Amino acid sequence: MLFVAAPKELRAQEEGFDPYGTHWFEYGNVRISAEIKGLAPPGEFTANMKVSGTNVNFSAGLLSGVRTGGCPPGEPCYTSAKIQSGTYSLKINGEEIGIPPVGEPSENGDHVRFATTHFPDGATITIECKGTYILQGPGLPDYPKSLNAKVDLKAYNKAILLATIEEYDPTGAGYILPGHPSYPDPPLYAGAADRAVAAVTPRITGVMKHTLVPGNGDGKSWRESTAGSPRLDERMCEATLFFGFTHGETTNWRSSQQDQLVYTPLASNEVRTYVTTKPGTPPTGREVPDYNLGVFHACETLSTFSSSLNPKAFLLLPAPWPNPANVFANRAYAGFAGLVHYQLLQPANTTLDKHADVLFGYLAAGERFQSAILKTQGQDFSQPTTAHVPKSINTGTAIYMIMRGDSHARIVKVYLSEQEWIEVGASVRSDWKWVR
Amino acid sequence: MGALGLVFAFWGSVGQSELISLTQGEELARRFVQRARKGAFGQIAGTAGPLDLRQATLVDDGRQAAYDFGSAGVRVDRRQAAVTVFHESFSGIDPTWRADNALASNQLSVLANEIYVAAGFSGPLIMYSIDSHGRNGPEGSYCLHLLPTYAGVPFTYDSAVTIIVEHATGRVYTFTVWNRPDPPDSLTPGIGLSIARVLASEAVFRYRPAVTQIFEKHPVRLAIWRPRLTNGGIPDYARHSLAETQLARARQGKGLLVYWTYLHDFGSYRGEMPQRAYEVFLDASDGRALAIDALEAGQGGGTFRHGNRSNPFSWDLGLGPIEISRGRKRCVVEAADVMQCSAPRSKVVGKEFVLRRARLAVFCQFDAASGVLWTTVGKRRVFGKPNANLLNALRGFVR
């Protein structure tokens, strides 16, 4: 008898931690588990996986079930099993994340969304799903058992800031640089770029909890494709947020003193190449999460009818956009379609850097992207005060910063919290939890 | 009202008798949203949620009220009893631009005026500029830049109305009315439009001697203008000669009667884009240049690839009327033409004048002895030979 009973006892205590984020026990044909599974990006989490943005989703819960289809000979065979009672907590970095800490364990699991910008760049985000349960069912053990699933992720919040130092092109032979006899003092457009980066940097590295890619500094020293350091082309594969205050035209924008970064044609453009590959011999693919946001205070960086080439190059818009009319969730891009002047149309005596400053102020406050742009430019009904309206050199009229992609994208707080989810007309997700 | 949450923010000193009630404002806002949704054809295209008021907020010392209807938001100026800002997010429309379905400019003009009336304003709007293909708004949108009018006279762009609509249906994304000044006492100019055109060009030629060819992007027009002032009350222009009495009017929110135009430096074009542009405001009573705003190279976010040079200037204007002018002296020569020619061998001594063909004005010099005229492009002179009609007129003109 003992010889026969031993395998049954052994089977009842079988325990595992596979796949990553799952802790399970099996009793014969009964399986009980604590599971944490990644949803967005899709697929299972992996250890120390880099995640980025305000739309990181996972499911977590205590689950139980009976394997159907019969039982192996000689093993316990149960007809039903249910978690009778238990405690359950879900924590990120030890912090309860808003789910009732004690209660009936969820049989279905909870869906949770959080923002990596709640954590410093590089921080380990530990998600724990703990439970103690008593199984209910004939022959099942009646003593408490504990489950503890745990996942370690890495917050990845990396930004590139680019401020041009170049001024006008008086002869058509090239932009002039500091030190040139005709270089204005103070520089007009480059001065605005300098002020813009100085204004947005503390927001990006502060409340947005990003770090700048190596070599970024104040954004004024980038080189690309030519000798010199730091190299923008080598760093574009590392960032998830791009802010540029520079010069642009319909096919390219200027990255540095020597180069223009071409973004058309889409099939073989420099921007896309640098975004999607990591430099090396041979070059390898991008190893970190995709871009969340691109903002270009530069001429013609979102232009030419429906092509939107620069956002496509950053993978912030799907290539077929706008047909079919779809977007990537929580990814967006903003730029100007025409020639934008450094002075704003309104208010008086204000320059384009102020537009960037105000816009990032709204983003840092957790505004959604479209809303932040509308509020910056006086197009939002709830903002009665100062509108910051850029001016078109071509027509002298307002040239609004426009966006493409997901209008609900944001960089602070969590993407589409519960109330916002309802506001945008989506079906209620009562089993979802939004964390900040 | 349902879940109305009324926030009495900044309830201030404005007398309530001057303002419409919150309920009246809500009714106006709701009617406006309903009209804006119907676009050009009276039917709602795309998603349109119920107009349940979620929140009403008093702002700007209570002068304005903001009504949140969920997908749509409206701000009402309670003193003017008019909608000044609106925006709505909607989907369910294919944003792809389709030229065959795009509303024509006359349809857009009718739509804009109807929207404007629905907002509570009166007086026709003048279409100033149109951005198509989603260049200034959501994908597949038009952005309409319009000038409000008073007694038939438009306000300058500082008082513009902008409306962004879906290109095929005219459903409104945003509607924005900017502040406008009180009109001047008199709307009768002291000089005519033709002289004003000449004076506006000459104002730029004087301000920037390097500029010798001007293209009228927006033609000269009579307008009501309140000079843009900094917080310190200083005019915010590259150059101005506003009198203290005029500045005092501006500080009181009152407008001046001006001739107003937006000009490109034709010689600064790179492809189709100008590197330099000038906005000119002339006193409508005497033609004096009150202010020039300069948008010049190095001040914008544009870049141009090496080799993308300026458009070369060339004579060979083709037969047609040409206006010649110097100061207030002007005449129009019918059937005039200028043909490109090489520099004469003899030394030329020129007298200055402005030649105008349609929307292009060229600062020229004419040498009566050799019968050639020329303009300067950078350091280079470009010579032309006038036809007989123009030659005769020029000889008489510069005498």
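Author: Buried means under 20% relative accessible area, exposed over 50%, and partly exposed in between, with a 1.4 Å probe and protein chains only. This is a predicted model, where local features need pLDDT of at least 70, side-chain atom pairs count only at pLDDT 80 or more, and totals for chains, interfaces and linings use all residues. Residues are numbered from 1 along each chain as its sequence is written, chains are lettered from A and ligands numbered from 1 in the order in which they are written, and side-chain values use heavy atoms, with hydrogens and water left out.

Reader: Why is A:Lys391 called buried?

Author: A:Lys391 has a relative accessible area of 3%, and the cut-off is under 20%, so A:Lys391 is buried.

Reader: What makes B:Asp293 and A:Lys391 a salt bridge?

Author: A salt bridge needs a side-chain nitrogen of Lys or Arg within 4 Å of a carboxyl oxygen of Asp or Glu. Here the closest N and O atoms are 3.3 Å apart, so the pair counts. B:Asp293 is in strand S16 of chain B and A:Lys391 in strand S22 of chain A, so two chains are joined. (Strands are DSSP runs of E, at least two residues, numbered from the N terminus.) B:Asp293 is buried too, at 4%.

Note on methods:
Helices (H or I, at least four residues) and strands (E, at least two) are DSSP runs, numbered from the N terminus.
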